[in-house]
Amino acid sequence: MARIQGNGLQAVDGRSLRGTTESLSNPEDNSFGSDSEVNGFASTERETDKYGFIGGAQQSSSESAEDVPPEVLRQREVKWLDMLNHWDKWMAKRHKKVKLRCQKGIPPSLRGRAWLYLSGGKVKREQNQGKFQELDSQAGDPKWLDVIERDLHRQFPFHEMFVARGGHGQKDLFSVLKAYTLYRPEEGYCQAQAPIAAVLLMHMPVEDAFWGLVQICEKYLPGYYSAGLEAIQLDGEILFALLRRISPLAHRHLKKHKMDPILYMTEWFMCAFSRTLPWASVLRIWDMFFCDGVKIIFRVGLVLLKCMLGSQEKLKKCPGQYETMELLRAIEPRYMQESFLVREVLELPVSERDIEKEHHSQLRRWKETHGELSCKSPPRMHGARAIMDAEPPSRQDLRQKPTIIVEYPPAPSSVRDGKEEKEPEREKGMENTEHAPLYHVHSEAPPLRKDTALAGSTQSVSSAEQDTYL
């Protein structure tokens, strides 16, 4: 059973989410080994899915993932490229459209860049040039380094990026987590930060992943990873209170068996469902989470509880606390399937206002029973627009800086003769806006038309962009 200790939450299996204090005296236990050493299985003849998984529960299947037609994906890439080049205008004037496109799913080739813009990590990085490199060059606190090293091989061991002990994925993960302990020494390291950082590293370079982690810890989920974990306990009570309205039957069952929310929702919320859902669903939920904030996490939790405990027939299978916990540990795949889960999450009537109202109510009860919070967290930001409104960025902070030079084919005769066709008209409200060029190009080369493929190729325009973390 989960229990609260002085240094944080103790998991059901006895391991503290605030870290371990195991010794590294045995070199064979060290996560840093040979690049050829693999986490627990042979390195030959491995079949990798489109997300990089070579096995495990989160490897994609035809049932868990839905492929977007290439032509639709390419259209979305063009739209996202335009949004990223005019980010401040889109967020100020057409935020609902940005939100809708996040709900449809961000194109994989632009997902990392979009997450960084949505979270405010891009602005944070530009305003703190060289900070990550400075932190990465420091030795770090041995107290946290030992714990981080112990946790590296536990993060997505079936993903090709983290499969090799001491490989580049684990080294980058170590750098991000170590840098955070130096950036926020009063907070240190919490085990639940490791899967969050690992997901970010699957989609972006190490420095971007660090600032993405900073934004999640400070803006989206403030206080979740602090000693005592008071914020996650408060959100557990908020989730339970909201469940009363969403599924009275499930609420009564959990209350009857005195099941503290911290028992079943801790990993869900602290890891943003990255260790629970099929990977296709994880990415769709994270797309919406970065746009709309923590209400998406609450909605996912409520949907799973309603689906698993929301009928008398289901409750017959779990007459006690133990059976209920076992049921919630083994969510039926159909409820986690991408299209079903996204549809249910979007239709669930839980708003930011509902969460904030319940937050104030639960905070008042907390003070009556526990006194003042020992850790004062910054206010929670409900999504990308709230973050941007709180700290308005400059145009320079949002400017894209491509790093790959694209060699263009010879210009068509119509261009050489000075008869270049007119560019298609931009969306209303986006005319005559200056923005950074998408590519570094030779001055004599014609611009790449955003509505045409690269000559002689079916490659989409965004794959020629700076994103190498696809």
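Visitor: Which helices are included in what covers the buried residues of helix 9?
Guide: The cover includes helix 4, helix 8 (168-183), helix 10 (206-220), helix 13 (262-270) and helix 14 (279-292). Helices here are DSSP runs (H or I, at least four residues), numbered from the N terminus, and contact means heavy atoms within 4.5 Å. This is a predicted model, in which local features need pLDDT of at least 70 and side-chain atom pairs pLDDT 80 or more, while totals for chains, interfaces and linings use all residues. Residues are numbered from 1 along each chain, and side-chain values use heavy atoms, without hydrogens or water.

Visitor: How many residues of helix 9 are buried?
Guide: Nine of the nine residues of helix 9 (residues 193-201) are buried, so the rest of the structure largely encloses it. Among them are Q193, P195, I196, V199 and L201. Buried means under 20% relative accessible area (1.4 Å probe, protein chains only).

Visitor: Back to helix 13. At what angle does it cross helix 15?
Guide: The two axes, lines fitted to C-alpha atoms over the stretch in contact, cross at roughly 140° and come within 10 Å.

Visitor: What about helix 15 and helix 17: how far apart are their axes?
Guide: The axes of helix 15 (residues 295-309) and helix 17 (residues 321-329) lie 10 Å apart, with a packing angle of about 125°. That makes helix 15 oblique to helix 17. In helix 15, L305, M308 and L309 meet T324, L327 and L328 of helix 17.

Visitor: New topic. How many aromatic pairs are there?
Guide: The whole structure holds 21 aromatic pairs, counted when ring centres of Phe, Tyr or Trp (its six-membered ring) lie within 6.5 Å; planes under 30 degrees apart are stacked, over 60 edge-to-face and the rest tilted. One of them, W87 with Y117, is edge-to-face, at 5.7 Å centre to centre and 75° between the planes. W87 lies in helix 2 (residues 87-93) and Y117 in helix 4 (residues 111-119), so the pair ties together parts 30 residues apart in sequence.

Visitor: Are W87 and Y117 buried or exposed?
Guide: Both W87 and Y117 are buried. The rings of Y335 and F340 have centres 5.8 Å apart and planes at 45°, so that pair is tilted. Both Y335 and F340 are also buried.

Visitor: Which residues do ring pairs link into a cluster?
Guide: The cluster consists of W115, Y220, W286, F289 and F290.

Notes
Axes fitted to C-alpha atoms, helices over the stretch in contact; angles between N-to-C directions. Helix = DSSP H or I, 4+ residues; strand = E, 2+ residues; numbered from the N terminus. Parallel < 35°, antiparallel > 145°, perpendicular 65-115°, else oblique. Buried < 20%, exposed > 50% of the residue type's maximum accessible area, 1.4 Å probe, protein only.
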